[in-house]
Amino acid sequence: MIGYKKSLSEWQCLSEVKMGRGSPIPPMLRRKIDNPSCYQHSVHKPVSLMVWGCMSACGMGSLHIWKGTINAERYIQVLEQQMLPSRRRLFQGRPYFVFQHDLAPAHSAKTTGKWFTDHGITVLNWPANSPDLNPIENLWDIVKRKLRDARPNTLDELKAAIEASWASITPQQCHRLIASMPRRIEAVISAKGFPTKY
């Protein structure tokens, strides 16, 4: 999930001076200060959207954005409506590819596994508690960094910013991420499963 937390300003700040016992000054002195340097940003209710996307060494696949949560049924709909067309476009009729996703409940549900089997799609075996080496995580990081710069204020602005960020990722970036997989795997093996720079 990509969430952008819209900050709301508190238009006052309280300055407190606490004194010890026996002090001639009251134990707590409060005064309101109307000073912009005291404004505090706080998150009251984060604005968030669910985002699904895919990529290959050939470039970016589809992006699907919705408000709400994901379950196996919804995930299968996304796969049918987004992944299958992306597969045809990115792999241009080449029959074999390996799909990679993590063990999120919607991904690991029996109905999802059956869907992949029924469609003849090989899914990369993903051990529990393993380092997340999926190169798409790096793409999500790029998208999130661009969102911080865009600073959307509404759900429509957030959706547009996500789409623009996704569209700006080049096939060369995708190819570099996929080509880095052998180095990523070597780094995890060398680190004995502990965190790496990836």
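**Pocket lining and helix packing**

In the lining of the largest pocket, 26 residues are nonpolar, seven are polar and five are charged. The structure described here is a predicted model. The space in this largest pocket amounts to about 980 Å³. Its lining comprises 38 residues, and those nearest the centre of the pocket are G53, Q100, H101, N134 and I136. Two or more lining residues come from each of strand 6 (47–56), helix 1, strand 8 (98–99), helix 2 (105–108) and helix 4 (136–150). Of these elements, strand 6 contributes the most to the lining of the largest pocket, namely seven residues.

The packing of helices was examined next. Two packed helices are described by the angle between their axes and by the distance between those axes. For helix 1 (residues 72–91) and helix 3 (residues 110–118), the axes come within 9 Å and the crossing angle is roughly 25 degrees. Angles under 35 degrees count as roughly parallel, so helix 1 is roughly parallel to helix 3. The crossing of helix 1 and helix 3 is right-handed. On the side of helix 1, the contact is formed by A72, Y75, I76, L79, E80, M83 and L84, and on the side of helix 3 by T111, T112, W115 and F116. The contact of helix 1 with helix 3 has eight nonpolar residues, two polar residues and one charged residue.

Helix 4, which also gives residues to the lining of the largest pocket, packs against helix 5 (residues 155–167), with axes that come within 9 Å and cross at roughly 130 degrees. Helix 4 and helix 5 are therefore oblique to each other. The crossing of helix 4 with helix 5 is right-handed. Helix 4 takes part in the contact through I136, W140, V143, K146, L147 and A150, while helix 5 supplies L158, A161, I162, S165 and W166. Nine of the residues in the contact of helix 4 with helix 5 are nonpolar, one is polar and one is charged. I136 of helix 4, part of this contact, is also among the residues that lie nearest the centre of the largest pocket.

A further pair is made up of helix 6 (residues 171–179) and helix 7 (residues 181–190), whose axes come within 5 Å and cross at roughly 35 degrees. In this pair, L177, I178 and A179 of helix 6 are in contact with M181, P182, R183 and R184 of helix 7. Five residues of the contact of helix 6 with helix 7 are nonpolar and two are charged, with no polar residues.

Conventions
Residues are numbered from 1 along each chain as its sequence is written. This is a predicted model: local features need pLDDT of at least 70, side-chain atom pairs count only at pLDDT 80 or more; totals for chains, interfaces and linings use all residues. Side-chain values use heavy atoms; hydrogens and water are left out. Axes are lines fitted to C-alpha atoms, for helices over the stretch in contact, and angles run from 0 to 180 degrees between N-to-C directions. Helices (H or I, at least four residues) and strands (E, at least two) are DSSP runs, numbered from the N terminus. Angles under 35 degrees count as roughly parallel, over 145 as roughly antiparallel, 65 to 115 as roughly perpendicular and the rest as oblique. A crossing is left-handed if the near helix is turned anticlockwise from the far one by less than a right angle, and right-handed if clockwise. Contact means heavy atoms within 4.5 Å. Ala, Val, Leu, Ile, Met, Phe, Trp, Tyr, Cys and Pro count as nonpolar, Asp, Glu, Lys and Arg as charged, and the others, Gly among them, as polar. On a 1 Å grid over the protein atoms alone, a cavity is a set of points where a 1.4 Å probe fits but cannot get out, and a pocket is an open set with protein on both sides within 12 Å along at least five of seven lines; lining residues have an atom within 4 Å of a point. Grid points are joined across faces, edges and corners, and a volume is the space filled by probe spheres set on the points.
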